[in-house]
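Hi,

Here is the structure I said I'd pass along.

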Amino acid sequence: MTQRRPLLEFDHVTLAYGQQEKASQGGHVAIDDVSCSVGSGEKFVIIGPSGCGKSTLLKAAAGFLPPKSGTVTLDGAEVTAPGPDRLVVFQEFDQLLPWRTVRGNLTYALRRTSGRSRADVADRVEEYIAMVGLTDRIDAFPHQLSGGQKQRAAIARSLACDPSILLMDEPFGALDAQTRTRMQQELNNIWRNLGTTILFVTHDIQEAVLLGHRILVLTPGPGRLRALLDNPHEGTDSDDPAVLEFVGRVKALLVDTTDAEDASMAVKGAGG
Ligand code: ADP
Ligand code: MG
């Protein structure tokens with residue numbers, strides 16, 4: 001794999017919910033001591049079972065949730081708050097302002113996050129709406145769009161703002177299977193076009209293998225690093241035996257419920 005410059009780095013990150021004072025007594029630890037780094041221009045996928053802390057890790061990258069310990073840095077600068085350099089696309093379809101059209105939603109976001117001229121913004125809005133295939137719906141309001149169209153608009157809005165990294169939290173999780181497959185392929189096409197760094201969270205193995213240059217597998221919650229895999233099959237959506245073999249490998253890592261700490265406890269217990 002080509003060596004990429006580290007862009008977003010998690011360094012021994014532990015994330016927990018609850019009051020500060022309770023954290024010392026354990027609190028509710030959602031992510032436990034995770035270290036990894038997302039390369040510039042990389043599509044990096046985090047996969048793990050439901051409730052393992054995927055969204056929590058993404059929230060830390062977005063700056064919504066400060067680590068209990070460890071650090072998150074973007075381009076060497078510590079992440080301490082949300083910012084337009086790290087935009088999030090969520091699973092929910094209601095991310096757009098309901099009283100603005102598709103064009104209005106993108107225009108509003110671009111005016112807020114860039115110093116572009118009015119004409120520049122207008123051109124850029126049309127360009128990014130075309131990129132996600134929504135030109136014929138550009139003047140529609142969110143309530144007039146399908147779930148897939150709303151997600152396209154949300155993705156176009158984020159990309160148009162030119163973030164350093166796009167954070168995607170199961171963005172296709174609520175779509176029907178056919179639309180989901182099409183959106184995954186389109187995301188790959190958009191990435192080939194723009195080269196945007198993407199951190200993508202999913203619990204779907206096929207999606208992870210189609211999208212990720214690398215795949216980070218988390219243990220069941222509290223999420224710890226189970227494995228970090230180079231994915232030689234990125235962009236290939238086939239029933240090729242090599243792809244299926246790789247999918248099987250990821251699956252085995254996902255269903256493996258052995259916890260490193262439990263395992264060592266068990267060994268100690270057996271010995272004592
Ligand atoms: P995933 O995205 O992998 O399904 P989450 O990151 O949403 O998992 O959740 C990880 C754990 O943290 C779960 O046990 C969940 O119940 C808990 N959790 C998530 N959000 C909150 C919150 N705002 N307050 C308290 N606990 C939370
Ligand atoms: Mg989640």
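This is a predicted model: local features need pLDDT of at least 70, side-chain atom pairs count only at pLDDT 80 or more; totals for chains, interfaces and linings use all residues.

In β5, A77 is the bridge partner of L74. That pair belongs to the link between strand β4 (residues 69-74) and β5, which run antiparallel and are joined by two bridges.

β4 and β5 sit in an open sheet of four strands, ordered β2-β1-β4-β5, with antiparallel pairing. At its edges stand β2 (28-39) and β5 (77-78); each has a single partner strand, so one side of each has no neighbour in the sheet. Helix α2 packs on this sheet, where it touches β1 (6-17), β2 and β4, and its direction makes about 120° with that of β1.

The other sheet

There is also an open sheet of six strands, in the order β6-β7-β8-β3-β9-β10, and here the pairing is mixed. Its edge strands are β6 (86-89) and β10 (225-230), each pairing on one side only. From one strand to the next, the twist averages 15°.

Going through the pairings:

- β6 and strand β7 (residues 165-169) run parallel, joined by four bridges; R86 stands opposite I165 in β7.
- β7 and β8 are parallel too, over five bridges, and I165 has T197 as its bridge partner in β8.
- β3 and β8 pair in the parallel sense over five bridges, with L199 in β8 as the bridge partner of F44.
- β9 and β10 are antiparallel over five bridges; L216 has L228 as its bridge partner in β10, and a hairpin of six residues joins the two strands.

How enclosed is β8? Six of its six residues are buried, so β8 is largely enclosed by the rest of the structure. T197, L199 and V201 point one way from the strand, while I198, F200 and T202 point the other way, and all are buried.

Helices on the sheets

α2 turns up here again. This helix (residues 54-62) lies across β3 (43-47), β6, β7, β8 (197-202) and β9 (214-218), and runs at about 155° to β7. Helix α6 (residues 177-194) lies across β3, β7 and β8, at about 165° to β8.

One residue of α2 that I looked at is L57. L57 is buried, with a relative accessible area of 0%. Leaving out residues up to four places away in sequence, L57 touches F10, L15, I31, V34 and I46. If you want a distance to check, L57 and F90 are 33 residues apart in sequence and 14 Å apart in space, C-alpha to C-alpha.

Cores

Which residues touch the most other members of the largest nonpolar core? They are I47, L106, M168, F200, I215 and V217, out of 48 residues in that core. Helix α5 (residues 147-160) gives the most to this core, with six residues. There is a second, separate core of 28 residues, and L58, A61, V88 and L216 are among them. As background, nonpolar side chains tend to be buried together in soluble globular proteins.

The chain as a whole

Overall, the chain has nine helices and ten strands. For 272 residues, a compact globule would have a radius of gyration near 19 Å, and the chain's value of 20 Å agrees with that. Along the principal axes, the C-alpha atoms fill a box of roughly 75 × 50 × 35 Å. Of the 272 residues, 47% count as buried. The chain exposes about 13,100 Å², and carbon and sulfur atoms supply 50% of that area. As for contacts with a separation of 6 or more, 70% are between residues 24 or more positions apart.

Cheers

Notes: Residues are numbered from 1 along each chain as its sequence is written. Chains are lettered from A and ligands numbered from 1 in the order in which they are written. Side-chain values use heavy atoms; hydrogens and water are left out. A nonpolar core is a set of buried Ala, Val, Leu, Ile, Met, Phe, Trp, Tyr and Cys residues joined through side-chain atoms within 4.5 Å. Buried means under 20% relative accessible area, exposed over 50%, partly exposed in between (1.4 Å probe, protein chains only). Two strands pair if DSSP finds at least two bridges between them. Axes are lines fitted to C-alpha atoms, for helices over the stretch in contact, and angles run from 0 to 180 degrees between N-to-C directions. Contact means heavy atoms within 4.5 Å. The radius of gyration is taken over C-alpha atoms; the globule rule is 2.2 Å times the number of residues to the power 0.38. Accessible areas come from the Shrake-Rupley method with a 1.4 Å probe; for residues, only the protein chains shown count as cover.
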